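Please look over the notes below alongside the model.

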Amino acid sequence: MRQLKMRSTFCKFSGSLAIAVGLIGLTLVTSAPAAAQVNGAIFTTDSSGTQVNGNIYQSQADVYLDGGPQPNAPCSAGGLPNGDYYFQVTDPSGSVLLSTDAVSQREVTVSGGLIAAYIGSPADHTIGTGKCPGSISVALAPFSDTPNQGGEYKAWMTPVGSYNICSTSGSHTTFGFCDSDSKTDNFKIHKSGQANVTVCKFNDLSDDGVRNGDALEPLIPGWPITATGVDGDPVSGLLGNTDQDGCGSFTVSTFSNKDGTQTVTLAEGLLTGFTQTAPADGTCSLAGGDSSTPNANDSCSVSGGVITLSVSPDDNVIAPSFGNAGTAPLVVSKNAYTSYKYNWGIKKSVDKTEIDTNSGGSATFNYTVSVTHDAGGGWMVAGAISVYNPNTTDVTGVTVTDAIGDGSTCTVANGSGITVPATSQVDLAYTCTYPSSQTTVPDLATNTATASWTDSSSNTQTATLSPTTFPIYSHTFTAPTATCASYKNTATTGLTGTDQSASQTVKVCGASDLTVSKDATPSFIRTYAWGIQKTATSQTVPNTGSATLNYNVKVTETGIVDSLWQVTGTITVINSNDWEDITVTITDAVNDGGSCSGGGVQVPARVPGQPVPGSATLTYTCTYTSQPAYNATATNTATAAWSGAYTPHASAWGSAGFSFTSPTSLLNQSTTVTDSFNGGTGTTLGTVWASNTLPFSYTYAYSNTIPVPASGCITVPNTGTLSTGGSTKVNVQVCRPAAKTGALTMGYWQNKNGQAIITNGASTNKACNSGTWLRHYAPFQDLSSTSTCTQVASYVYNVIKAANSSGASMNAMLKAQMLATSLDVYFSDSTLGGNKINAPAPIGGVVIDLTEVCSVSDQTNGTGTCSGTYINTSVAFGGASSMTVSGLLTYAASQSNSGGSTWHANVKSTQFLAKDTFDAINNQLAYTP
């Protein structure tokens with residue numbers, strides 16, 4: 001008979017019992033066993049469903065859960081029973097829960113023996129590809145780091161119906177996962193600075209020392225491997241076993257060789273019926289568990305079937321596989337849990353009656369429970385036996401028995417006629433009971449499971465039972481939220497009678513943090529700047545009457561100035577606690593450059609029994625020395641700090657977003673334009689409203705009418721004023737216009753242009769016609785009647801050249817000016833000499849106003865300008881107020897002798913009046929009536 005024994009240590013019966021004492025009480029009971037086991041297996045994989053040697057991963061996110069047939073079994077093999085399952089991650093001992101989300105988020109559905117759907121709610125686990133078609137794998141993350149120094153974790157999977165409810169009496173629960181109903185698989189996550197060494201074991205069915213793949217030569221789980229130089233090595237070597245996928249891994253944290261490596265040896269245990277075939281002696285190769293290893297310092301060799309290798313920090317290497325030729329026995333594993341019953345009497349005391357702490361905090365009360373009990377009874381051992389078939393063919397006719405050998409009777413549910421499929425596992429529940437005559441605690445014992453099959457082979461797994469103790473214990477309450485609560489803690493034996501329970505009442509007050517809320521209202525002032533400009537446009541001024549003056553007043557927005565940026569509002573601090581007032585210091589800040597006010601305030605406690613919390617409100621102001629960013633969201637944060645309270649923290653904050661967008665106050669948004677004309681009362685032209693887009697202006701166009709002065713010019717002032725400040729003034733001259741006759745000055749007739757007109761004039765019988773026409777005026781009768789045009793031109797030139805005002809009379813100047821006027825008349829009339837000077841009309845017919853004649857200041861070039869003095873020359877022309885130019889020539893000629901040597905009786909003042917009249921006509925400075 002082949003027999004393989006494997007040992008694990010559990011509990012020993014003694015005369016005391018570990019009790020869990022809660023708020024309700026203590027009850028010691030023994031449950032009847034039930035028969036329901038989970039077949040199939042779970043194993044870790046990567047997101048693509050590929051099995052990872054040694055179950056060693058680079059990060060938590062790389063680890064996925066798969067379920068169905070055994071890891072080395074084909075997809076056609078039996079898998080998990082159909083139904084819904086929970087999964088979790090713990091440290092390898094199962095004492096620390098590492099999964100960080102709720103169990104409802106760790107739920108999957110098994111269909112056809114495979115994980116077919118993830119139904120966690122809300123869903124927060126990534127879906128990957130399953131090992132078999134139609135299946136999926138589910139990421140185990142999120143979970144926390146393991147406290148295990150070797151980076152080892154344990155994955156669990158249990159039926160939803162078995163959560164917190166064990167199907168086997170006496171089974172142990174680990175965070176709701178019953179050991180007897182759960183499937184587990186250990187895995188590692190590579191830790192920085194450590195090395196991991198993986199070695200696998202295969203069944204060399206071809207006996208050639210070479211593994212020919214999973215389908216032909218499967219890996220064998222549960223095979224003993226001894227390693228030296230690894231973590232946990234007691235010098236003589238650390239004994240381990242290959243896991244359910246046929247590989248085992250060891251961790252190395254110490255590197256003692258001079259080159260920074262560590263020497264590790266690996267040796268396999270030799271079981272009955274097997275001969276080691278691999279690896280062969282000599283140099284061997286290490287495979288890399290990731291892309292970075294092995295490295296140049298690593299080495300590998302085999303001697304006598306023992307593998308010696310050197311590894312470096314951060315290595316993740318795979319050693320050559322051990323191979324054995326022979327027939328693999330079934331592999332048996334088991335666990336064992338004890339239960340029994342005492343009759344108790346109980347008393348309880350506590351070290352304090354009230355603890356004040358933060359909401360959700362821990363308040364630990366140390367209880368002393370004194371009990372009495374009888375000798376006890378109802379002793380029981382229960383658990384699960386797993387039988388694994390590493391072979392590629394089914395093993396039939398298997399019988400599984402269990403025994404302790406200390407007077408107990410053990411029963412294995414459905415333990416006979418078992419078929420263990422190839423590369424699959426069968427799980428069986430068992431119970432061991434003691435006779436009622438057993439009145440003392442059973443001593444340390446070994447529980448042995450034996451699997452026997454048709455070729456008379458068997459395999460045994462033993463479990464050694466160790467003692468439990470009854471503790472003096474403490475209980476930790478979770479403090480209530482923002483209030484006080486009293487807790488009555490009762491320990492009870494579960495039996496009737498006045499001495500079967502004992503109670504203590506304690507008070508726990510839990511303080512919650514204050515909360516801060518706030519609002520934030522931005523504001524700023526926008527001031528618009530204005531400018532004004534006035535211009536006078538073209539004007540039409542008649543000879544008499546009124547002049548229309550056209551003005552433009554342009555109002556320009558010259559700028560936009562923002563100022564007094566503020567953020568104001570209230571800060572409200574809420575105290576939800578109903579048992580302590582809290583004084584806080586409040587600071588306020590914005591993240592866009594402002595400076596904020598703060599202060600202190602006491603926040604009263606909530607009235608007990610009332611839903612409305614206590615609160616206090618503080619107003620605040622944030623100011624800015626320069627413009628903050630516009631149309632950008634900023635944050636205003638108020639922080640309340642306190643001390644001396646039992647809250648979890650000493651501060652809280654609240655924030656509000658705000659944005660400076662539009663001004664909240666507008667100054668000078670509009671300006672009213674008034675106009676004051678010629679010193680009169682101001683008239684409103686209108687109101688201009690500002691634009692936020694520059695440049696911007698508005699122009700008012702309007703007219704004013706003013707009488708034309710009798711002579712010369714007057715200055716008309718006009719002032720425009722803005723209601724927001726600023727004014728503009730423009731002065732316009734209104735002048736009586738002189739007649740635009742086209743007359744030319746005596747200087748013109750003396751220069752080449754005028755001389756050419758005369759010279760080129762028409763002649764009759766060789767006598768120049770212009771000379772003939774000039775001679776009909778007495779002053780020019782000194783011109784020969786037979787003069788040619790050239791001679792006439794010379795005459796004109798000399799008369800003008802001789803013009804002067806010196807002496808007792810002005811005959812020479814008057815003669816020259818009258819001569820120029822005569823030529824203007826002659827050469828502007830098509831009926832006389834032709835319009836040679838392009839006059840608008842014959843000048844002789846133009847009527848001249850003699851009451852307002854400009855006194856002309858003559859220039860050396862024969863032209864003149866108005867001196868600004870206006871005179872009445874009527875007396876020089878017989879008292880007439882106006883007369884045509886031809887009439888003026890005729891009258892002036894009547895006051896002269898032939899040749900113009902005596903004129904106006906040579907009265908110089910009268911001659912001056914006549915001279916200025918002709919001078920004004922020649923310079924086009926004379927007015928028409």
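1. In what order do the six strands of the open sheet run, and is the pairing parallel or antiparallel? The order is 16-15-18-23-22-20, and the pairing is antiparallel. Strand 16 (238-241) and strand 20 (282-283) are the edge strands, each of them pairing on one side only. The model is a predicted one.

2. At one end of this order, strand 15, made of residues 224-228, pairs with strand 16 over four bridges, in the antiparallel sense. Within this part of the sheet, proline 224 stands opposite asparagine 241 of strand 16. As background, the strands of a sheet pair through backbone hydrogen bonds, either parallel or antiparallel.

3. On confidence, the average pLDDT of the chain is 85, and 89% of the residues score at least 70. Residues 1-36 have a pLDDT below 50, and the model gives this stretch 151 contacts beyond near neighbours in sequence. A further stretch, residues 461-472, stays under 50 in pLDDT; for these residues the model has 72 contacts beyond four places in sequence.

4. Threonine 745 lies in the loop that links strand 55 (727-735) to helix 1 (746-750). Is this threonine buried or exposed? Threonine 745 counts as buried because its relative accessible area is 12%, and the cut-off for buried is under 20%.

5. Which residues does threonine 745 contact, once neighbours within four places in sequence are left aside? They are Ala820, Gly862, Thr863, Asn922 and Asn923.

Methods
Residues numbered from 1 in each chain as written. Predicted model: local features only at pLDDT ≥ 70, side-chain atom pairs only at ≥ 80, totals over all residues. Heavy atoms only, no water. pLDDT = per-residue confidence, 0-100. Contact = heavy atoms within 4.5 Å. Pairing = 2+ DSSP bridges. Helix = DSSP H or I, 4+ residues; strand = E, 2+ residues; numbered from the N terminus. Buried < 20%, exposed > 50% of the residue type's maximum accessible area, 1.4 Å probe, protein only.
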